[in-house]
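Please open the structure in a viewer and keep the selection tool at hand. The stops below are arranged so that each selection leads to the next.

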Amino acid sequence: MTNQIEIPPAWERLPLENFSGVLMVIGAPDTGKSTFARYLYTRLCASHERVAFVDGDVGQASLGPPTTMTLVVRQCGETEFPPGGTRFRVFVGSNSPRGHMLPTVIGLYKLVRRACELGATATVVDTTGLVSAEQGGHTLKHAKVDLLEPTAIFAIQRGCELEHILVPLRRSARTRVIDLAATPAVRPRDPTMRRAHRAAAFRQYFADAAPLEVPWGRLAVFPAPVFSPGRLVALEDARGFALALGVVLEMDAIRRTLSLLTPARSLEGVDAIRLGDLWLDLATWEERRRWDMGPACEETKRET
Ligand SMILES: Nc1ncnc2c1ncn2[C@@H]1O[C@H](COP(=O)(O)OP(=O)(O)OP(=O)(O)O)[C@@H](O)[C@H]1O
Ligand SMILES: [Mg+2]
């Protein structure tokens with residue numbers, strides 16, 4: 001985040017002092033979306049008192065652990081990025097929107113709505129690199145446009161890989177498409193680097209974590225109390241914002257309690273537990289699918 005960035009002349013020419021509302025940044029993986037989004041945020045601070053930044057990338061998240069999306073709002077006069085204000089977070093429960101499009105779109109909407117409630121007059125939304133038509137990239141981006149109603153979309157392309165998303169948007173009055181070319185300064189990350197980045201981010205997030213006993217029988221559990229060791233969960237407040245993540249260590253089906261490894265020190269403000277679709281190996285912080293966890297992975301019986 002402190003790396004020196006190259007600012008292409010095309011970025012400098014953008015008349016950003018005239019922009020407000022929700023501003024979405026889209027592009028394939030490794031096109032410089034997050035770098036441009038931070039630049040956009042900084043430029044908007046010159047003409048807006050309250051600027052919000054939403055990190056909407058659950059895979060290579062920049063403001064929170066993977067599987068989450070995070071909102072932060074600039075406090076008066078702050079110039080640093082990221083700003084130091086309160087963070088609001090939603091838990092998608094996966095490192096990709098694939099198979100999790102509803103929670104991704106709804107979560108992003110909750111964060112943008114919160115930014116509005118907090119008085120932001122410009123909100124930058126950084127997004128995931130899921131754009132391919134085969135994987136439903138157009139459905140995802142169009143759903144975000146319909147729900148978030150961005151005044152502009154900054155579309156960063158190498159070639160024409162976004163056109164299947166952009167063609168209808170260019171003809172519609174619902175938003176404005178601003179085309180940008182991906183800069184050669186981008187340093188691509190291969191899948192191994194991306195996995196290692198996520199493991200490092202989880203390790204850092206759980207660095208101060210300790211076991212916490214959670215009486216899940218007294219809380220709402222979404223979608224249902226099917227716990228197993230290593231499963232990633234979120235502790236949510238009554239508005240569905242994630243207060244902290246946790247990893248299931250042990251569960252007691254009789255007492256209806258869980259032992260959760262979490263940075264949360266208490267259950268104050270916790271309304272619900274939301275189960276993720278990801279399991280973590282606590283020795284390496286690498287992601288595991290449930291079927292990799294072995295036969296010892298016994299589930300609690302469903303509540304009837
Ligand atoms: N204009 C730039 N000047 C210097 N470095 C850049 C620039 N744009 C991107 N980079 C570097 O390239 C790498 C990838 O950039 P960035 O994270 O912005 O891309 P992205 O499209 O958001 O990637 P992802 O698909 O993982 O979300 C980062 O290390 C970033 O510092
Ligand atoms: Mg990014």
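**The shell around the ligand**

Select ligand 1 and the residues around it: by class, this shell has five nonpolar, seven polar and seven charged residues. Here Ala, Val, Leu, Ile, Met, Phe, Trp, Tyr, Cys and Pro count as nonpolar, Asp, Glu, Lys and Arg as charged, and the others, Gly among them, as polar. This is a predicted model, in which local features need pLDDT of at least 70 and side-chain atom pairs count only at pLDDT 80 or more, whereas totals for chains, interfaces and linings use all residues. Residues are numbered from 1 along each chain as its sequence is written, chains are lettered from A and ligands numbered from 1 in the order in which they are written, and side-chain values use heavy atoms, with hydrogens and water left out.

Of the 19 residues around ligand 1, Glu6, Lys33, Ser34, Thr35 and Arg187 come nearest; a residue is near if one of its heavy atoms lies within 4 Å. Helix H2 gives the most to this shell, with three residues.

Next, display the polar contacts (pairs of N or O atoms within 3.5 Å; within protein, one must be able to donate a hydrogen and the other to accept it, and residues adjacent in sequence count only if both atoms are side-chain atoms). An oxygen atom of ligand 1 is 3.0 Å from a polar backbone atom of Thr31. At Arg189, an N or O atom of the side chain is 3.0 Å from an oxygen atom of ligand 1. Taken alone, ligand 1 exposes 620 Å², and the protein buries 90% of that (Shrake-Rupley method, 1.4 Å probe; for residues, only the protein chains shown count as cover).

**Aromatic pairs**

Now select the rings of Phe, Tyr and Trp (its six-membered ring), which pair if their centres lie within 6.5 Å; planes under 30 degrees apart count as stacked, over 60 as edge-to-face and the rest as tilted. The structure holds twelve aromatic pairs. Trp11 and Tyr39 form a tilted pair, because their ring centres are 5.2 Å apart and their planes lie at 45°. Both Trp11 and Tyr39 are buried (under 20% relative accessible area; exposed is over 50%, partly exposed in between; 1.4 Å probe, protein chains only).

**An exposed proline**

Finally, select Pro223, which counts as exposed at 72% relative accessibility. The C-alpha atoms of Pro223 and Arg274 are separated by 6.9 Å, although these residues are 51 apart along the chain.

Key. Helix = DSSP H or I, 4+ residues; strand = E, 2+ residues; numbered from the N terminus.
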